[in-house]
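Keep the structure open while reading.

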Amino acid sequence: MNTIRHGGEARIHEEISALIPWYVNGSIDEVDRQRVETHLPQCARCRDEVMHERGVYQGMNAELGVEYMPAASLKRLQARLDALSAVAPAEALSGPPAAAPRRGVVTWQGVMAASVAVMAVAVSMLAVERWAQSRTRAAPNYYTVTTSPLRAPHEVIRAVFIPTITLIELQAVLDEAGLRIVAGPTEAGVYSLATNSSRPVNASLALLRGHAKVRFAESIQPSVGPGDAP
Amino acid sequence: MTVLAKNSAKENDHDLLIAVAAGNRRALEELYLGYHRRLTRFLSRFTPRYENVEEIINDTFMVVWQSAKDFRYASRVSTWIIGIAYRTALKSLRRQKHHNAARSLDDCPEQTTDPTFDTEVQDWLRHGLNQLPVEQRLTLELAYHMGHSLQEIAVITACPVGTVKARMFHAREKLRQYLPASSGGAEDMTVKGQ
């Protein structure tokens with residue numbers, strides 16, 4: 001009789017013991033949580049396990065202290081997505097594969113179509129080359145002091161943050177200033193920021209300039225007056 | 001994280017994934033930035049090399065981009081994404097035949113230097129975790145660091161609940177073996193851990 005009772009207790013102990021990690025991390029469901037809490041006062045081993053697992057839980061949740069900035073890896077992902085989207089339209093343009101012609105049978109319509117296709121490709125290539133040449137002429141490969149740098153869409157402020165800023169801190173600064181990143185960081189670490197709220201640009205700018213984590217901030221609007229009134 | 005914050009994050013993930021499924025790149029980037037820290041920490045348990053971690057994260061988000069339209073919302077978005085990261089990491093390890101190498105790399109102190117792991121308990125914990133097989137180590141990570149439930153871990157790792165329980169059981173047993181002899185047991189450790 002005692003053996004049966006002890007066997008039952010051992011089974012319950014094992015079941016409860018297996019639930020302890022999820023009791024400790026708080027994700028256990030209500031029914032199981034009540035089972036654990038009913039069992040704990042009767043079982044010193046399980047109480048000991050709960051204390052032990054809480055120590056492991058706390059140890060594993062210690063801050064790493066090192067935080068990676070995801071900007072560089074996000075850029076690599078964007079490049080992969082660009083490559084993917086460049087391939088997709090090309091495949092779409094080529095269309096579904098046509099039914100294979102019978103081998104050895106070449107019709108005059110086929111020859112004519114092939115000739116037209118070759119000519120079309122040649123004309124397209126010539127046009128692309130001319131366009132590329134005109135682009136090269138239009139955009140010289142140098143800058144002068146009067147050259148205006150390209151602006152990201154909706155960009156109103158450019159800023160440089162201290163190199164040790166974490167992602168969370170960066171997000172907090174942007175949230176506080178009502179700004180969002182629209183481009184960057186450049187090689188020099190410059191972010192292009194757009195406004196995210198109705199807050200005047202000069203107010204966001206003043207906030208950035210007063211922030212300890214911001215090394216540099218400038219408005220790229222021609223003039224920023226009080227309230228940004230035109 | 002409060003229940004309210006958790007629900008809000010869940011809804012936000014849900015909305016972002018719908019946008020990703022519609023081909024919205026900005027939504028994918030937002031999701032990426034939201035998950036980068038969590039995944040970096042989680043994947044660091046697979047391999048301490050940041051280049052590998054970054055590659056696995058980007059592979060994961062390529063899958064998210066291409067498969068978002070197939071997601072049926074039967075589980076939380078976070079469970080789905082972390083499940084993809086878990087399988088991508090396992091595949092990456094197998095492909096590079098790094099399964100054992102990753103463990104031996106973990107054993108190299110110069111590659112696992114962690115400035116905050118300087119207390120006795122954390123040293124013990126780091127050493128103990130590095131001795132565990134990768135599946136057991138990740139089960140602990142998913143439960144204790146990422147806060148997933150038993151059922152969620154079963155979905156993430158594509159294993160029955162019983163397997164998750166068994167992995168957790170063995171992980172806990174092995175970790176106990178690495179308790180410092182002088183610590184006097186769990187009670188002492190908990191006090192130090194607090």
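Axes here are lines fitted to C-alpha atoms, for helices over the stretch in contact, and angles run from 0 to 180 degrees between N-to-C directions. Helices (H or I, at least four residues) and strands (E, at least two) are DSSP runs, numbered from the N terminus.

This is a predicted model: local features need pLDDT of at least 70, side-chain atom pairs count only at pLDDT 80 or more, and totals for chains, interfaces and linings use all residues. Residues are numbered from 1 along each chain as its sequence is written, while chains are lettered from A and ligands numbered from 1 in the order in which they are written.

**Chain totals**

Chain A has 7 helices and 4 strands. Its elements run α-α-α-α-α-β-α-β-β-α-β from the N terminus. Chain B has 10 helices and 0 strands, in the pattern α-α-α-α-α-α-α-α-α-α.

A residue counts as buried if 20 or more other C-beta atoms lie within 10 Å of its own, as exposed if 12 or fewer do, and as partly exposed in between; C-beta atoms are placed from the backbone. In chain A, 18% of the 230 residues are buried. In chain B, buried residues make up 37% of 194.

Two residues are in contact if their C-beta atoms, placed from the backbone, lie within 7 Å. Of the contacts in chain A between residues at least 6 apart in sequence, 64% join residues at least 24 apart. For chain B, residues 24 or more positions apart account for 64% of the contacts with a separation of 6 or more.

**Helix α2 of chain B and its partners**

Two packed helices are described by the angle between their axes and the distance between the axes. The table gives both for α2(B), which spans residues 25-43.

| Pair | Axes come within | Crossing angle |
|---|---|---|
| α2(B) and α3(B) (residues 50-67) | 10 Å | roughly 140 degrees |
| α2(B) and α4(B) (residues 77-95) | 11 Å | roughly 40 degrees |

Angles under 35 degrees count as roughly parallel, over 145 as roughly antiparallel, 65 to 115 as roughly perpendicular and the rest as oblique. A crossing is left-handed if the near helix is turned anticlockwise from the far one by less than a right angle, and right-handed if clockwise.

Take α3(B). The angle makes α2(B) oblique to α3(B), and the crossing is right-handed. From α2(B), L28(B), Y32(B), H36(B), L39(B), T40(B) and L43(B) meet V53(B), I56(B), I57(B), T60(B), F61(B), V64(B) and W65(B) in α3(B). By class, this contact has 10 nonpolar, 3 polar and no charged residues. Ala, Val, Leu, Ile, Met, Phe, Trp, Tyr, Cys and Pro count as nonpolar, Asp, Glu, Lys and Arg as charged, and the others, Gly among them, as polar.

Now α4(B). Here too α2(B) is oblique to its partner, in a right-handed crossing. Y35(B), L39(B), F42(B) and L43(B) meet I81(B), I82(B), A85(B) and A89(B).

**Elsewhere in chain B**

Which residues are buried in α8(B), residues 150-157? They are L150(B), E152(B), I153(B), I156(B) and T157(B). They cover an arc of only 160 degrees around the axis, so they lie on the same side of α8(B). The arc is that of the directions from the helix axis to the C-beta atoms. A158(B) follows α8(B) with a positive phi, near 55 degrees.

E11(B) sits in helix α1(B), residues 3-21. E11(B) is exposed, because 11 other C-beta atoms lie within 10 Å. E11(B) and R76(B) are 65 residues apart in sequence and 9.5 Å apart in space, C-alpha to C-alpha.
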